[in-house]
Amino acid sequence: MELLLAFAVLLFAGVLLSGLAHRTILSTAVLFLLAGLLLGEGATGVLDLQPNDEIVVSLAELALFSVLYTDGMRVGLQDLRSAWRLPGRALILGMPLTFGITAVLAHWVAGLPWTESMLIGAVLAPTDPVFASAIVGREEVPGRLRSLLNVESGLNDGLALPVVLVLLAVLEGEGVSGLELAGELGLGVLLGVGVPSLAVLLIRSRYTSATRLYASLGGLSIGLMVLGLAQLTHANLFLSAFTAGITIATLAPEVEHSFSEFGELVTELLKLAAILVFGALISLGFLAEIPVSGYVFAVLALLLARPLAIVLALLGSHLPAAEQAVAAWFGPKGFASVVYGLIVLEASLSRSDELFHLIALVIFASILAHSSTDVPIAHAFARAEARRAAREDAGATPGTTTAGHGT
């Protein structure tokens, strides 16, 4: 009940501050994160949560599934085909480079053995659109940049999971079945395509009909079916979510349209609840346990690994320098890294606790940094567009006057 009450109070505070947050660096995500820190066991003790509590893992997984599902609905197959070039660079070149640079930093700066360093690189390689929502969700931001970040973050979560599992199995001394991992990925895509496709056929059947109220629940019911089947069959949860969203946007835009507002609300609620719970796991004592080298690693992981990887990946892409810089900076770490970090913590590794401390620190710093800079950067794009439009108007006016005078 303490968690419910705390969430309700913070949610109301978020409602009151949402207008200010929309215009400034104030972030509701940071509000919930810091509130969790203050309410957690290491501070006031109002929220007594442990990393292995079921609510912690379940909330992180549900939030990530919901985020990817709704994000996928913004990217139909036609959009994906026409705008694949830049996300492809970020995935095929940028993600492995981020993984490698982070692993090198973990080894040379944090002092971890190479295999553990590669594991931390895999956990922190995925990006999360939640903490860059003012970038991927605002019309004033160039469409190609929004597409790059949205598609990349939608796919890299699921692609990182097999690497995490393989490295965990190596460290635990267990055999790894490449066929099994490939099967999980393939089954995730199959469910993401098959379940929505069948659902759309039934929705459009002349033998069925839905009222306006229940039609808005169509997207929710499809998502829940994909979620339940993915968990029962051990399919890749995150690929199935993103693929299902893309399938609905491609085959049934009317389902996406009726679900979009409700889906955004559900996603926002799950996101904020998950951030509150994650914040409650991070205490001042927890942060004090991390050595100085861990903090240096966290700073470099945010300021060097992703930016350098994306700059290299986008060489020759003809993307404007400002958009390249934003794409390089906005590689926020979020729910996928939280889930994978919890998997690492629960594994029987000699350094599980040390690895989780470093992972949690990077995620904590990322939420603070990226959630506080997305709105100013979105505003900067809006101002640049306004200046460009003003210059075009100023250039057109003399020409019009001259032409009229000559006539």
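**Close-up 1. Helix H17 and the elements that cover it.** The buried residues of helix H17 (under 20% relative accessible area, with a 1.4 Å probe and protein chains only) are covered by elements that include helix H3 (54–72), helix H6 (114–124), helix H8 (143–172), helix H12 (237–251), H13 and H18, where covering is by contact, that is, heavy atoms within 4.5 Å. This is a predicted model, in which local features need pLDDT of at least 70 and side-chain atom pairs count only at pLDDT 80 or more, while totals for chains, interfaces and linings use all residues. Residues are numbered from 1 along each chain as its sequence is written, and side-chain values use heavy atoms, with hydrogens and water left out. Helices are DSSP runs (H or I, at least four residues), numbered from the N terminus. Nine of the twelve residues of H17 are buried, so this helix is largely enclosed by the rest of the structure; among them are Phe-335, Val-339, Tyr-340 and Leu-342. At 1.5 Å a residue, H17 (residues 335–346) should span 16 Å, and its end C-alpha atoms are 17 Å apart, which agrees; the expected span is 1.5 Å times one less than the number of residues.

**Close-up 2. Helix H18.** Of the 20 residues of H18, 15 are buried, and the helix is mostly covered.

Close-up 3. Once neighbours within four places in sequence are left aside, the contacts of Tyr-340 include Val-123, Pro-126, Asp-157, Leu-161 and Phe-238.

**Close-up 4. Phe-32 in helix H2.** Phe-32, found in helix H2 (residues 28–39), is buried, with a relative accessible area of 0%. Not counting residues up to four places away in sequence, Phe-32 touches Phe-7, Leu-10, Leu-11, Leu-272, Ile-275 and Leu-276. Phe-32 and Phe-278 are 246 residues apart in sequence, and their C-alpha atoms are 9.4 Å apart in space.

**Close-up 5. Ala-301 in helix H15.** Ala-301, which lies in helix H15, counts as buried at 5% relative accessibility. Beyond its neighbours within four places in sequence, Ala-301 is in contact with Leu-105, Arg-306 and Val-362. The C-alpha atoms of Ala-301 and Ala-125 are separated by 9.8 Å, although these residues are 176 residues apart along the chain.

**Close-up 6. Two histidines with positive phi.** His-234, in the loop between helix H11 (218–233) and H12, has a positive phi of about 60° although it is not a glycine. At 60% relative accessibility, His-234 counts as exposed (over 50%). His-318, whose place is in the loop between H15 and helix H16 (321–329), has a phi near 65°, a positive value in a residue other than glycine. With a relative accessible area of 76%, His-318 is exposed. Most residues other than glycine have a negative phi.
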